[in-house]
Amino acid sequence: MSLKGLEMVFCREEEVLSAPPKLVYNKFVLRLTRDILEAVVDKWDRHVHVIDKITPPNWKNEPASRILEPCLLHLAMSEITAVGTRYQIVINETVDLAKRFCDGTAPRIINGSLRTFVKNYSETEVAQPSEGKS
C-alpha cells in the first residue's frame, strides 16, 4: 500500500474512532474488520474456485437466489486463512448467521462446505499473521 493509501486509511480510522462510542466498539473491532475485508479481496479469485468445488451443484444453478451464502463462505474462509481465528469458532458463527438470514438448507450446506474447506484446503491456504499488524 502506498504512503498516500496508508494516510487515507489512518484518516478514515481516526474519523471512525472519533465517532460516539455507540457507533464504534473499539480499535480491535475496526482492525479485525479491515483485516478480514482485505483478506476477502486478496483471496477472492482463489476462494471462488474453492467455493465452486465444495458447494452443491444446485447452488450454481440458482445464482440470483444465492447471494448471501457465498458471501458468508468468503468471509469465513478469509477469517480462517488470513486472520487465523480457530476454524471451529468461525464455522459456528457462520452457521448461526446462515440460520438467521438464509433459507432452511443453507446452514447445513455452509457447515459441510466449511468443514470440507478446512479438511482439504486450509493446509495450503493458511497464512501466517503479517508482521506489523496489530
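Student: Is Cys102 buried or exposed?
Tutor: This is a predicted model. Cys102 has a relative accessible area of 15%. The cut-off for buried is under 20%. So Cys102 is buried.

Student: How many disulfides does the model have?
Tutor: A disulfide needs two cysteine sulfur atoms within 2.5 Å. The sulfur of Cys71 has its closest cysteine sulfur in Cys102, at 9.6 Å, which is too far for a bond. Cys102 is in no disulfide either, with the sulfur of Cys71 as its nearest. The count is therefore zero.

Student: At what angle do α4 and α6 pack?
Tutor: Two packed helices are described by the angle between their axes and the distance between the axes. Helix α4 covers residues 68-83 and helix α6 residues 106-120. Their axes are 11 Å apart, and the angle is about 30°.

Student: Which class of residue has ten members in the contact of α4 with α6?
Tutor: From α4 come residues including Leu72, Leu73, Met77 and Ile80. They meet a set in α6 that includes Ile110, Leu114, Phe117 and Val118. By class, two residues of the contact are polar and one is charged. The ten are nonpolar.

Student: Which residues does Tyr121 touch, leaving out those up to four places away in sequence?
Tutor: Tyr121 sits in the loop between α6 and α7. Its C-alpha atom is 9.7 Å from that of Thr81, 40 residues apart along the chain. The residues touched are Val50, Lys53, Ile54 and Thr116.

Definitions and conventions: Residues numbered from 1 in each chain as written. Predicted model: local features only at pLDDT ≥ 70, side-chain atom pairs only at ≥ 80, totals over all residues. Heavy atoms only, no water. Axes fitted to C-alpha atoms, helices over the stretch in contact; angles between N-to-C directions. Helix = DSSP H or I, 4+ residues; strand = E, 2+ residues; numbered from the N terminus. Contact = heavy atoms within 4.5 Å. Nonpolar A, V, L, I, M, F, W, Y, C, P; charged D, E, K, R; others polar. Buried < 20%, exposed > 50% of the residue type's maximum accessible area, 1.4 Å probe, protein only.
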